[in-house]
Amino acid sequence: MAISTDQAFQRCLSPSCGATYDIGEARTACGECDGLLDVAYDWDRLPVPSSLKEFEKKWSRRNEPLCKSGVWRFHDLLPFAPPEKIVTIGEGQTLLAPSDGVAQYIGLNAGQLFLQYEGMNPSGSFKDNGMTAAFTHAHTIGAKRAACASTGNTSASLALYCGVSKLMQAVIFIGSGKISYGKLSQALDYGALTLQISGDFDDAMHRVRQVSEQLGIYLVNSVNPFRLEGQKTIMYRVLESLDWEVPDWIVVPGGNLGNSSAFGKAFMELKELGLIDRVPRLAIINAAGADTLYQLFEVNGQRWNGGDIDRAATTDYYEELDKNHSRASTIASAIEINRPVNYQKCLRALDVCDGVVWEVTDQQILDAKAQVGAHGLGCEPASAASVAGAKLLCSEGVIAPSERVVCILTGHQLKDPTATVAYHTTDQDEFNRILGSRGVQRAEFANRAVAVANDLEEIVRAIQLNS
Ligand code: F0G
């Protein structure tokens, strides 16, 4: 099915501008007002299924790559590319796992918590959902190089798609010393051109935008609207796993705010298409050391306001950060971001989903992470912000114990072993060096290794003592 340009196009997010652009353009902002862009569709002229259940028919054709992919089996809901141009590596084979153990920790009734485990993606994080979509668009328009700034997962994902397909060269920008070894090792191993910029993610993001514009390199950060089309499918899979029943809450960590923005768009479109009759509420969780969204939305009361966003208030906020030399700082390095590029789109998602924004400390994040691990899934620190946030929302009475909650576990446990090992360590100096400096004081759920001499009797005694 070839998509004609008037069935799928790009459109400025701001309703008062509404400028449109061809689907074949590589843009990251509106040429008229500099706002973010959406991929938009003329649904009346596209074959949309009459019920979400229709997608189940794809299961019986799962030997076909586009039916196997957890992104592209929903192609009808992101119909911007012809099937023959789609680049898929089997992303989105993820799991919605019920977890009564973590439910109890959060304060939810048994049966009410589900963990959407995106760590099962080929590069180990949710990013592959969006990367297959952006990469497909880049391929469709003939790009030969693709770039991103990253706290580690976007770059791992881009590097993987480039490595597997050999269709493009990956150029990645990372803040020096700002990404975990697990993620850095992926970029290096998959062969990406890796530029370590002195500075943090916000600096790297600023530079990659300049450089990709100057050199005509395709940018795959989530400011790219095609990325978010792929990330919508995380919500389709959540609904699919719940037999198409809409949960009460989706809880997601907030960094660059691509996921939350994509989820809002997914539900907005499903509602518009009559495929769901209500939308879930959205809770976006910032790390307290990187809490721009929390500050602007909850403290300063900024709102979507029908698209009429007070942009000056955001600029003032950033100027204040600069004046105070304030930098993002959290153990959850994936969300160590102070200038989220999707901020405006995220305000729309919060509006669509009657959302809330909360912040959690590094202590709360690591305790929640240990609980997720203890119940068998394991995730990286940023992902655990969703569980820590859900716990806080329950204790504050925002989420009722009887409500059905889905927490998104965005990245695999092995992405950042340093934080995990430091939490469980017996070495107090190591604990203080890595975690104490972040205000983490205790490891309530630590599972400490037992040091034992290389002696049969002592080993047996150690096991008996600890069983
Ligand atoms: N969780 C993980 C594991 C991430 O890697 C990220 C973002 C987020 C949450 C936040 O998601 O940006 O959609 O709000 N990582 C980006 C990166 C910034 O470069 O890998 P978001």
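Student: Why is Gln-363 called buried?

Tutor: Its relative accessible area is 7%, and buried means under 20%, with exposed over 50% and partly exposed in between (1.4 Å probe, protein chains only). So Gln-363 counts as buried. Keep in mind that this is a predicted model, where local features need pLDDT of at least 70, side-chain atom pairs count only at pLDDT 80 or more, and totals for chains, interfaces and linings use all residues. Residues are numbered from 1 along each chain as its sequence is written, and side-chain values use heavy atoms, leaving out hydrogens and water.

Student: What does Gln-363 touch, leaving aside neighbours within four places in sequence?

Tutor: Gly-439, Val-440, Gln-441 and Arg-442 are in contact with Gln-363, contact being heavy atoms within 4.5 Å. Gln-363 itself sits in helix H12, residues 362–374.

Student: And how many helices and strands does the protein chain have?

Tutor: There are 16 helices and 13 strands, taken as DSSP runs numbered from the N terminus (helices H or I, at least four residues; strands E, at least two).

Student: What makes the protein chain as compact as a globular protein of that length?

Tutor: The radius of gyration, taken over C-alpha atoms, is set against a globule rule of 2.2 Å times the number of residues to the power 0.38. For 467 residues the rule gives 23 Å and the chain comes to 22 Å, which is close, so the wording holds.

Student: What share of the protein chain is buried?

Tutor: Buried residues make up 57% of the 467. As for contacts with a separation of 6 or more, 72% of them join residues 24 or more positions apart.
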